[in-house]
Amino acid sequence: MRRPIIAGNWKMNNTAAAGVALVNELKPLVADAECDVVVCVPFTDIPAVSEALKGSNIALGAQNVHFAEKGAYTGEISADMLKEYGVKYVIIGHSERRQYFGETNETVNKRMHAALAAGLIPIVCVGESLEERETGKTEQVLSVQIEEGLKGLEDVSSIVIAYEPVWAIGTGKTATAEQANETIGFIRKKCGEVFCPKCAEKVRIQYGGSMNAKNCKELMAMPEIDGGLIGGASLKAQDFSQIVHYNK
Ligand code: PGA
């Protein structure tokens, strides 16, 4: 059985003080969670939020990591720098990074390996654009993202995959539960072909894109969907807690 994982992606929201206030509100609300709970926060929030999460069942995540151990990479953050503060997960290749910051399958791959080498758990994002879906290219795009982005993985279940159709992110348009389930099923099948079928059965694949307190139950009831990567709805403790308790 795959343990569900609900992760918040705060994106560029919350100063450290606001982040601490949010997790302090969230901690008692999700203390009884039956799934893994993660908050992926801005770099500058990490030290304070890490401190605030001590002793709780909420794990800390970052939103990016550089692939080099150290060196002349102005503005970047290494895996060791994240580890120092108890970061456990790191989002890699979010569509906003691919769209606005030139992230490619190749850089996603390098970042993923650097994260794994340092003992972080990568949450690697994949997903198609609206045009790609409408022109029937979804499976082709996802296949390339898996083949190139995840290249060289010994065990695909050492990472978490987030399937985020770009057209559903921040738009209020959710993929239907059936659409999300079918596409995640395809991703799992593809992982079975590229890696090994056994690891593909074990890898946790989240859905992301306008997941909220209302639609989470239906999405999470789908057999292929093992969790959610939540943007907007992770910024309010009550909403995020309701998603964590999707089966209640
Ligand atoms: P959203 O963002 O929930 O606001 O659509 C999801 C994501 O981008 O991870």
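1. The lining of the largest pocket divides into 9 nonpolar, 5 polar and 4 charged residues. In this grouping Ala, Val, Leu, Ile, Met, Phe, Trp, Tyr, Cys and Pro count as nonpolar, Asp, Glu, Lys and Arg as charged, and the others, Gly among them, as polar. The model is predicted: local features need pLDDT of at least 70 and side-chain atom pairs count only at pLDDT 80 or more, while totals for chains, interfaces and linings use all residues. Residues are numbered from 1 along each chain as its sequence is written, and side-chain values use heavy atoms, with hydrogens and water left out.

2. The volume of the largest pocket is about 470 Å³. Among its 18 lining residues, Lys11, Met12, Gln63, Arg97 and Phe101 are the closest to the centre. A pocket is an open set of points on a 1 Å grid over the protein atoms alone, with protein on both sides within 12 Å along at least five of seven lines; a cavity is a set of points where a 1.4 Å probe fits but cannot get out, and lining residues have an atom within 4 Å of a point. Points are joined across faces, edges and corners, and a volume is the space filled by probe spheres set on them.

3. Helix α4 (residues 95-100) gives the largest share of this pocket's lining, with 3 residues. Helices (H or I, at least four residues) and strands (E, at least two) are DSSP runs, numbered from the N terminus.

4. Where does the ligand sit? The ligand is placed in the second largest pocket, meaning that more than half of its atoms lie within 2 Å of the pocket's grid points. This pocket has a volume of about 210 Å³. Its lining consists of 20 residues, with Lys11, Gly170, Ser210, Gly231 and Gly232 nearest the centre. By class, the lining holds 7 nonpolar, 11 polar and 2 charged residues.

5. The ligand is surrounded by 13 residues (a heavy atom within 4 Å). The closest of them are Lys11, His94, Glu164, Gly170 and Ser210. This shell contains 4 nonpolar, 7 polar and 2 charged residues.

6. Several polar contacts (pairs of N or O atoms within 3.5 Å) reach the ligand. A backbone N or O atom of glycine 170 is 2.7 Å from a ligand oxygen atom, and a polar backbone atom of glycine 231 is 2.9 Å from a ligand oxygen atom. For asparagine 9, a polar side-chain atom lies 3.5 Å from an oxygen atom of the ligand. On its own the ligand has 280 Å² of accessible area (Shrake-Rupley method, 1.4 Å probe), and the protein covers 95% of that area.

7. Two backbone angles deserve attention. Most residues other than glycine have a negative phi. Lysine 11, however, has a positive phi of about 55°, and it lies in the loop between β1 (5-9) and α1 (16-30). Serine 210 also has a positive phi, near 55°; its place is the loop between β7 (204-208) and α10 (216-220).

8. The structure holds 1 cavity of 30 Å³ or more. About 30 Å³ of space lies in the largest cavity, which is lined by Glu34, Cys35, Val244, His245, Tyr246, Asn247 and Lys248.

How values were computed: A polar contact is a pair of N or O atoms within 3.5 Å; within protein, one must be able to donate a hydrogen and the other to accept it, and residues adjacent in sequence count only if both atoms are side-chain atoms.
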